Amino acid sequence: MKQPATYQPIILALLATLILAGLFYLPYLWVRNRTIDDFAAQQTLLARQAADGLQTYFADYGRALDYLGRQPGVQQLDSGGRTLLEDFLAIHPDDIAGVQRQAADGRVLFAAPGGSAVADDNGFCEGLGSASAPAVSDVVHATAAEDRIFFAAPVRLHGRFDGCVAFTLPFARVAGRHLGTIPLLADSYVLLVNSAGDILHAPDPGLAGDHLDHLPGAVADVTALGARLRRGEPGLSVLGGDPLRAPASGTGRRYAVAIPVALPGGGAWSMVIVTPAAEVVGAMAGFRAQWLLVTGIAVCAVGLLSFLLSGAMTRRREEAHRRAAEEQLAGLLEFAPMGVLLTDADGLVIYANQEATAMAAAAGRSLLGGRPLVAMLEAACRQAAGEQIRRAAAGRAEPPLAVRLAGDGPPRQAMLTATPYRQDGGGQCIVVVRDVTAERAAEESRSRLAEAVDQVQEAVLIADRRGTIEYVNAALAAMTGYSREESIGQPVRMLLEKEQEAHFDQQIEELVNQGEVWRGRLVNRRRDGSLFMAATTVSPVRDSAGAITHFISVQRDITHEAEVETRMRQAQKMEAIGTLAGGIAHDFNNILGGIVGFTDMALLYAEPGSEVHGNLLHIRQGGRRAADLVQQILTFSRQSAAEKVPVLIAPIIRESLKLLRASLPATIAIDQQLTGADVRVLATPVQIQQIVMNLCANAFHAMREQGGTLTIRLAEADADADGGRLSLTVADTGQGIDHDLLDRIFTPFFTTKKPGEGTGMGLSVVHGIVTDLGGEISVQSEPGRGTTFVVLLPSTEARPGSTLVSSEGVLPTGREHILVIDDEKEIRDICRMMLGHLGYTVTTLGRPEEALGLLADARPRIDLVITDQTMPRLTGAELTAAIRRDFPGLPVILCTGYSDRLNYDLAREAGACDLLMKPVDLRGLGAAVRAALDMHAG
């Protein structure tokens with residue numbers, strides 16, 4: 001309170017002094033500015049008179065030039081014209097240094113006096129070709145003569161520009177004659193500058209012809225002056241120093257008055273009168289000294305008076321502030337939301353505020369008239385409270401004491417704090433009694449809530465906005481393996497799988513900033529390194545002001561449910577793929593039927609061993625491979641528990657690598673070492689293909705940045721107690737796997753790939769297939785040196801049980817009449833050709849609803865019907881049933897490219913004697929037809 005009172009008078013005195021000084025300075029400033037304005041007006045008038053003289057000079061000689069330029073003698077430069085020019089020069093020897101006639105290219109044709117020709121190196125005369133009036137040039141530096149300027153008029157001969165007639169003017173003399181009429185103050189001078197910034201006249205003749213930018217004055221002054229002159233603006237400029245002298249010379253401020261000078265031909269010069277500022281305002285020096293003395297005396301008097309007055313006002317304000325503060329403090333004590341009392345050393349009340357009085361009234365006691373304070377407490381607390389008050393009155397600081405307030409209502413708890421207070425040498429005590437009944441009830445409620453949260457089965461975690469864990473319940477400790485002591489104070493990311501950190505941190509940041517609730521699934525890491533998936537809800541926690549301070553995460557382990565969902569999604573995906581594959585299989589196999597059939601027919605007419613024969617064999621082999629590929633896609637998409645059969649591993653590996661090669665970059669080489677080509681294992685082809693594709697996909701991911709070599713080895717391994725085994729090795733030269741991760745790579749959902757690059761299911765699928773086949777899988781890896789997977793599968797001596805039609809021997813033939821029904825023209829055509837080649841009579845039909853009528857009317861009669869299954873308006877199975885009803889003894893062969901509603905048993909039930917799968921080759925078709933006919937004949 002004292003510090004502001006000390007400085008306030010000084011501040012007020014200074015402020016009054018400054019205001020008075022400003023008021024006294026304003027008249028002086030007005031007089032000074034008026035003096036400068038009058039000086040500028042006077043200098044402008046004088047400069048205007050000199051400029052008028054120059055303009056008159058150029059106007060007079062401009063008319064003379066114009067006259068001379070129109071004289072025929074001057075135009076043709078005959079003797080009369082030469083004499084005229086010489087006579088004009090003789091009349092004006094003081095104003096004109098020479099006269100000359102120049103050609104259109106600038107050459108001097110005539111000059112007077114003789115030998116006075118000045119070369120027009122800047123092409124001034126040539127530039128007058130389009131001019132209609134005389135014009136003035138820049139300064140021309142003449143050798144061994146004073147600097148001159150050209151004043152020239154164009155000469156036109158027969159309407160054509162023929163050069164010019166020019167006066168060479170001794171400009172220093174001419175300018176000095178007109179500028180010398182200007183009365184100047186001491187150390188003042190006049191500059192004449194052209195529009196390009198070249199100096200035409202200066203107090204130092206050596207500066208004539210130099211540019212303004214080369215003056216030694218301050219750069220800022222020279223630049224400002226040059227800018228005004230280029231704009232052609234008249235007026236007063238204030239310069240920091242003399243532009244003709246270096247800044248270090250200390251010449252003081254200068255006033256520069258500029259006047260533009262208009263020239264013939266549209267050009268302009270500028271006249272500048274530079275005067276020292278001291279010469280302009282020097283007359284005011286004595287006036288300024290007297291004025292400053294009077295101002296100083298007045299300022300000191302006002303300052304002293306202001307200091308004394310402000311000091312008295314400050315002391316009065318301090319007294320008022322002190323009284324107001326005492327009243328405010330008394331009011332705060334009286335209305336404080338807790339009991340405040342003043343007691344003597346015996347605990348008798350000297351003062352009690354409203355809250356303390358209300359507490360005593362509720363206890364049925366009164367604190368007036370020197371009553372003891374402990375009377376408002378329950379009897380069990382009075383002795384301890386009285387002792388604490390006596391010790392505090394003796395000067396000892398005591399900790400708060402828990403007490404209970406007396407009264408007939410519900411028990412009320414309070415905290416009593418006694419503080420020593422000394423006044424007038426007597427021992428007194430300030431006692432504060434605070435009712436904490438509601439606080440204790442809230443504490444108990446929070447304690448019950450904490451116990452409930454700690455006992456729920458879901459994992460609960462509370463963290464601050466920085467992601468530091470502040471609370472975990474028992475369920476989270478049991479779920480993760482981290483104790484509470486290990487978790488609290490650690491970052492939340494400690495519990496997350498590494499590949500999720502960036503993704504989850506982003507979600508937390510958005511959550512905290514926007515106040516939204518995040519729900520999703522997280523893959524967490526236990527203390528032992530194992531992973532589990534949790535359904536998680538993250539919610540913001542706000543304080544009483546609405547600001548987000550923490551977030552709470554509730555998690556439930558759903559690892560098992562997630563695995564079930566994954567298998568269901570995989571099954572649905574395979575079902576969708578199967579539906580898509582089935583949709584295209586029928587049409588694709590029809591196309592392949594035409595390719596394979598026509599190729600078989602072409603092979604019959606090609607010479608074995610010829611190039612054409614070889615090419616046709618390749619086409620036929622490609623068609624068969626395409627048909628096998630369609631069947632593989634159908635088999636893979638069904639995902640059914642297909643019957644395991646003895647399969648050769650090597651062909652499946654080769655086929656899988658062909659598919660992979662198209663997707664691998666050129667930086668990855670494939671090394672195949674397949675030696676156990678004849679060894680079989682009991683499996684389905686799809687299972688073997690999944691093993692190869694998943695292992696190779698992992699190898700590709702490890703080498704995709706640096707490239708490398710993918711090695712696939714197939715060989716017979718040493719037999720164990722159960723029999724022979726086959727070894728499949730997939731090795732890469734990629735980045736390798738850390739040793740602490742090797743035990744977890746077969747765990748579902750575990751992956752080291754970034755989010756969106758993998759599901760973590762590939763190796764777990766491989767492990768499941770190998771286990772299902774009774775095999776083993778092992779892995780070896782070194783970081784930076786690559787990874788090797790070794791799969792051991794039990795081999796089998798069994799062979800596939802299906803009977804294949806021999807590709808050698810004589811084709812079966814016949815002479816019967818066969819009806820072929822198919823909605824595809826290519827299939828009808830190839831069947832007619834193949835069966836016709838085998839000796840049969842063939843009738844084809846594209847509309848199945850016409851078949852029954854054709855069978856009834858056919859001559860010769862039909863011996864066998866071959867019909868497609870999938871046709872518009874009538875399926876093959878429906879047509880077969882109708883034929884069986886109307887023509888019981890007629891055999892029917894059903895054909896299909898693909899149908900999920902037809903197999904061999906259903907075909908037999910419909911009345912067909914056989915079922916053929918497209919594409920059908922010549923030998924297969926012939927064998928099936930012959931077998932059906934022979935079976936019917938038998």
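**Disulfide, surface patch and a buried lysine**

The torsion about the S-S bond of Cys125 and Cys164 is about -135°, so the disulfide (a pair of cysteine sulfur atoms within 2.5 Å) that these residues form is left-handed. Cys125 lies in the loop between β2 (108–112) and β3 (135–140), whereas Cys164 belongs to strand β5 (residues 160–169), so the pair ties together parts that are 39 residues apart in sequence; helices (H or I, at least four residues) and strands (E, at least two) are DSSP runs, numbered from the N terminus. The model is a predicted one, in which local features need pLDDT of at least 70 and side-chain atom pairs count only at pLDDT 80 or more, while totals for chains, interfaces and linings use all residues. Residues are numbered from 1 along each chain as its sequence is written, and side-chain values use heavy atoms, with hydrogens and water left out.

The sulfur atoms of Cys125 and Cys164 are 2.3 Å apart, and a search of the whole structure finds one disulfide. In general, such a link is a covalent bond between the sulfur atoms of two cysteines. Cys125 and Cys164 are both buried, where buried means under 20% relative accessible area, exposed means over 50%, and partly exposed covers the range in between (1.4 Å probe, protein chains only). Cys429 is also buried, with a relative accessible area of 0%, and Cys696 is buried with a relative accessible area of 0%.

Helix α14 (residues 559–605) contributes the largest share of the nonpolar patch, three residues, while Ile619 is found in helix α15 (residues 611–638) and is partly exposed, with a relative accessible area of 41%.

Lys918, found in the loop between β32 (914–917) and α23 (922–937), is buried, with a relative accessible area of 9%. Leaving aside neighbours within four places in sequence, Lys918 is in contact (heavy atoms within 4.5 Å) with several residues, including Asn589, Asn590, Ile827 and Cys895.
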